[in-house]
Amino acid sequence: MEKDQTPLKPRPFPRDLSVGEVAARSGVAVSALHFYERQGLIRSWRSQGNQRRYPREVLRRVAVIKIAQRTGIPLASIKQALAALPNERTPTVDDWKRLSEGWREELNERILKLTQLRDRLTGCIGCGCLSVRECPLRNPYDELAREGPGARLLED
């Protein structure tokens, strides 16, 4: 039997998704989706039964958030970048290029700091003790407190 060669008819736009469906499709916990929504990263609307509903485009937006987070971009930076999109729409390929280029410098700086940290810690990781005389992180009598808070020797 010969298959029908008739082109497929366009289907109507699919219905919006519940929070559980978004979680299942995106691999993000429901609690994380609620958190993203509280942070203004995604939006939902309420059904007549007062249930959250998300447009399907939210899946791409959540994917962008996840990828950006995996690379170490803070949520505040992600929110700022997504807010710059017209009408808070879902990022397109061109949008993603622009967003990722904007984060490139921040990522390069983070890579440099992590590389420096790794290279400076090698000796200490080997001995398992941060009190040896040669350790660059040794800080007897908290001498570095005068310079301010935080990890003073790990930053240039």
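User: In which loop does N50 lie?

Analyst: This is a predicted model, and in it N50 lies in the loop between β2 (45–46) and β3 (52–54).

User: Is N50 buried or exposed?

Analyst: A residue counts as exposed when its relative accessible area is over 50%. N50 has a relative accessible area of 51%, and it is therefore exposed.

User: How many helices and strands does the chain have, and in what order do the elements run?

Analyst: The chain has 5 helices and 3 strands, and, read from the N terminus on, the elements follow the order β-α-α-β-β-α-α-α. Of the 156 residues of the chain, 23% count as buried. As for contacts between residues at least 6 apart in sequence, 52% of them join residues at least 24 apart.

User: Which residues have the most contacts inside the largest nonpolar core?

Analyst: In soluble globular proteins, nonpolar side chains tend to be buried together. Here the largest nonpolar core has 23 residues, and those with the most contacts inside it are L33, Y36, I42, I78 and L82. At least two residues of this core come from each of α1 (19–26), α2 (30–38), α3, α4 and α5 (93–127), and α3 gives the most, with 6 residues.

User: How do I read the packing of helix α3 against helix α4, and at what angle do their axes cross?

Analyst: One looks at how close the axes come, at the angle between them and at the residues in contact. The axes of helix α3 (residues 58–70) and helix α4 (residues 75–83) come within 10 Å and cross at roughly 140°. An angle over 145 degrees would count as roughly antiparallel, whereas α3 and α4 are therefore oblique to each other. The crossing in which α3 passes α4 is right-handed. On the α3 side the contact is made by R61, V64, I65, A68 and Q69, and on the α4 side by L75, I78 and L82. By class, the residues of this contact of α3 with α4 divide into 6 nonpolar, 1 polar and 1 charged.

User: At what angle do α1 and α3 pack?

Analyst: α1 and α3 pack at an angle of about 50°, with their axes 10 Å apart, and these two helices are therefore oblique to each other. α1 passes α3 in a right-handed crossing. V22, R25 and S26 of α1 make the contact with V58, L59, V62 and K66 of α3. The contact of α1 with α3 has 4 nonpolar, 1 polar and 2 charged residues.

User: Where is the place of V62, and is V62 buried or exposed?

Analyst: The place of V62 is in helix α3. A relative accessible area under 20% counts as buried, and V62, with a value of 0%, is therefore buried.

User: Which residues is V62 in contact with, leaving aside its neighbours within four places in sequence?

Analyst: Sequence neighbours are set aside here, and what remains are the contacts of V62 with S26, V28, L33, Y36 and I42.

Note on methods
Residues are numbered from 1 along each chain as its sequence is written. This is a predicted model: local features need pLDDT of at least 70, side-chain atom pairs count only at pLDDT 80 or more; totals for chains, interfaces and linings use all residues. Side-chain values use heavy atoms; hydrogens and water are left out. Axes are lines fitted to C-alpha atoms, for helices over the stretch in contact, and angles run from 0 to 180 degrees between N-to-C directions. Helices (H or I, at least four residues) and strands (E, at least two) are DSSP runs, numbered from the N terminus. Angles under 35 degrees count as roughly parallel, over 145 as roughly antiparallel, 65 to 115 as roughly perpendicular and the rest as oblique. A crossing is left-handed if the near helix is turned anticlockwise from the far one by less than a right angle, and right-handed if clockwise. Contact means heavy atoms within 4.5 Å. Ala, Val, Leu, Ile, Met, Phe, Trp, Tyr, Cys and Pro count as nonpolar, Asp, Glu, Lys and Arg as charged, and the others, Gly among them, as polar. A nonpolar core is a set of buried Ala, Val, Leu, Ile, Met, Phe, Trp, Tyr and Cys residues joined through side-chain atoms within 4.5 Å. Buried means under 20% relative accessible area, exposed over 50%, partly exposed in between (1.4 Å probe, protein chains only).
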